[in-house]
Amino acid sequence: MKRSEAATWFIAPALLLLAAVTIYPIIHVIYLSLHRKLLIFGISEFVGLQNFLFLLKDGRFWGALGNTAYFTALSVSGELILGLALALLMNKAFSGKGFVRAMVLIPWAIPTVVSAKMWEWMYNGDFGILNYLLGTKVNWLGDPFWALHAAIMMDVWKTTPFVAILLLAGLQLIPPDLYSAARIDGAGPFRLFRHVTLPLIKPMILIVLIFRSLDAFRVFDAVYVLTGGGPANTTETLSVYAYKVLFQTLQIGYGSALAVVVFICVGLIAIGFIGIMGRRVAYR
Amino acid sequence: MRKGLLYISLILVIFYSVGPLLWQLITSLKMDYELTRIPPLLPENPSLVHYIAIFKGRMFLRVIANSAVVASLTTLFALAIGSLCSFGLAKLATRYKALILGFVLSISMFPPIATVSPLYLVIRSIGLRDTWWALIITYTTFSLPLTIWILTSFFRELPDEIYYAARVDGCTPFQSYYRIVLPLSAPGIFATAILVFIFSWNEFLYALTLTSTQASRTIPVAIALFPGIHEIPWGEIAAASVTVTAPLIILVFAFQRRIIEGLTGGAVKG
C-alpha cells in the first residue's frame, strides 16, 4: 500500500464528520434563509431574498448588530489590556508560579453559564456584593446603560486568563539578551516595553485578537443567561436575537437569515485579520 | 520594596480571579434569610441545606451523570478520530496538507448559531433529539479542529526516523500509529483531552436546543433553567455552581501545565 493511500484512510473519518456536521448545516441554513418556514403551521415556501430585505428594515436587527459590535470592541480591548498587564506580571520572577497560574486560569475553566449566574447574583441591585463594595445603588442588569457594560465586564473577567496565558507564552519567547543589550544602551522600563517587548509580541497579540474577536462576536451564553437580551433588547446580540427567532418564535426562515448574517460577519472579520497578518508577513 | 509590590499585585490578581467563585461559595453556605441582607458578608451559621436540597430528588445527579458521560465519550471519540487524522497529516504523504489544515481551522471559526437550526432539524428527524448521542456527535465534530491542530503539531515534533524505523521493522502505518506515535505523544494527547473535556462539560447552546428533558440535559442547561417557584433560588444555584465547578478546579490545579501547553500549542504552533 502506498503511503498516500494509507493517509486517505487516516484522514477520511475526520473530514467526513466535519462535512456532515458542519458543512452540510451551513449549506442547509443558507437554503432555509431563502424560505418562509414556520414550523408550527407547517408552512414552508421559497421567498428568495425576502428575509434579507426584511432584515434591512428590522430595527431590532440593527440594534443587535450595534450591541454585538460594541460588545466585541469593548470586551476584546479590555481583555487585551488586562491580559497584557497580567502576562507582564506573571513573567516576573517569583515563587509559587504554578499556583498563581492555576488561580488565574480558574475563570477560564468555569462554565460560562455558571459565571453568568455568579455575576447575576453579584450584580443584584438589592443584595449584590458589587453595590455593597462600591457603596452604590445601581440596578446593574435592569438599567439600559449598565446592563450591556455588566455583560462586557463579566466577559472580560472570564476570558482575560486565555489572553494572559497566550501573551505570557509570547513573552517567554523573547530572548533575555535583548533586554540586557537595550539596558546597556540606556533604555528605561518604558522604552524597553515600547521598543523590545511590544514589537516582539505583536504577532501573538494579532493571534489573540483574531481568536477573541471571532469568539466575542458570536457571544451567546454570557448574554443569554445574564440578561436574556434585556432590558428592552439593550443587550441583545445577534446570536441571542437569532436564537429567539429560531427557537422561541419558531420562524426558521427569518432566524436562518439572521444566522447567515452572523456567519458572513464572522467570515469578514476573519478575512480582515488574515489580510492584516498576511501584509505583516509580506513586509518582513 | 519592589518584591513587596509584586506580591501585593499578585494577591490582587488572585483575588480578582477567584473572588466571584469565592462569593458563590459563601452564598451557597448561607441560609435563605441571610441571602437577603448584606452586611454581614460571611454566613453566621454556615449550613449545607442548599447542597442537600439540590441532591434531593436525584434530578441533579442525573444531570451530572449526563454531563460526565457526554464529556467523556466526546473526549474519547474526538481523540480517536482527530489523532488518526493528525497522524495522516503529520507522518504520511498527503496531498493538500495545507489545504486540509486551513479547512479545519476555518471550521473552528463557524458561529454555533449558524449551524444549530439545521442540526436541530436533522437530529429531530432521525430521532436522536434528547439523547446523549445528539450531543456526543455534535461535540466530537466541533472538537475536531482543536484536536487536529494541537496533535498535528505534536506529531510533527516526533522525528520521522522513528516512524521509518518502525516501518522498516514491518509495522503497517496503523501499527506505527498505534504502537509508536501515540505512546510517544502521550503528553500532547493528554493536554488535548483536558481541553476537549472542559469544552464539552461547559457547552451551552447545542445542549439547550438538542436536549429537552433530564434524560440528556447537561449541567449548563440545568443551571440556566434552574427551577424556581416564586423567586430565584440563589442559594441552590450557588450550591449547584460550586458543585459543578469543583471538578474543573481540580483539573486546573492538577494539570495547569498541560492545559497551558494545549492552549498555546493550538494557537501558536499553527
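## Structural report

In this predicted model, chain B contains 13 helices and zero strands. Read from the N terminus, the order of elements in chain B is accordingly α-α-α-α-α-α-α-α-α-α-α-α-α. Along the principal axes, the C-alpha atoms of chain B occupy a box of roughly 75 × 65 × 30 Å. Chain B has 270 residues, of which 48% count as buried. Among the contacts in chain B with a separation of 6 or more, 78% are made by residues 24 or more positions apart.

**Domains of chain B**

Contact between them involves five residues of domain 1 of chain B and five residues of domain 2 of chain B. On the domain 1 side of this contact in chain B, two residues are nonpolar, three are polar and none is charged.

**Contact between chains A and B**

Chain B contributes 75 residues to the contact with chain A, and chain A contributes 69 residues. On the chain B side, the most residues come from helix α13 of chain B (residues 234-269), which supplies 17. The side of chain B that touches chain A comprises 54 nonpolar residues, 19 polar residues and two charged residues.

| Chain B, touching chain A | 54 residues | 19 residues | two residues |

**A hairpin in chain A**

Chain A includes a hairpin formed by β1(A) and β2(A), with four residues between the strands. Strand β1 of chain A spans residues 35-38, and strand β2 of chain A spans residues 43-46. The two strands run antiparallel and are joined by four bridges. One of the residues in the turn, A:G42, has a positive phi of about 65°.

Which residues lie on the covered face of β1(A), and which on the uncovered one? A:H35 and A:K37 make up the covered face, whereas A:R36 and A:L38 make up the uncovered face. A:L38, on the uncovered face of β1(A), has A:I43 of β2(A) as its bridge partner.

Notes
Residues are numbered from 1 along each chain as its sequence is written. Chains are lettered from A and ligands numbered from 1 in the order in which they are written. This is a predicted model: local features need pLDDT of at least 70, side-chain atom pairs count only at pLDDT 80 or more; totals for chains, interfaces and linings use all residues. Two residues are in contact if their C-beta atoms, placed from the backbone, lie within 7 Å. Ala, Val, Leu, Ile, Met, Phe, Trp, Tyr, Cys and Pro count as nonpolar, Asp, Glu, Lys and Arg as charged, and the others, Gly among them, as polar. A residue is buried if 20 or more other C-beta atoms lie within 10 Å of its own, exposed if 12 or fewer, and partly exposed in between; C-beta atoms are placed from the backbone. Two strands pair if DSSP finds at least two bridges between them.
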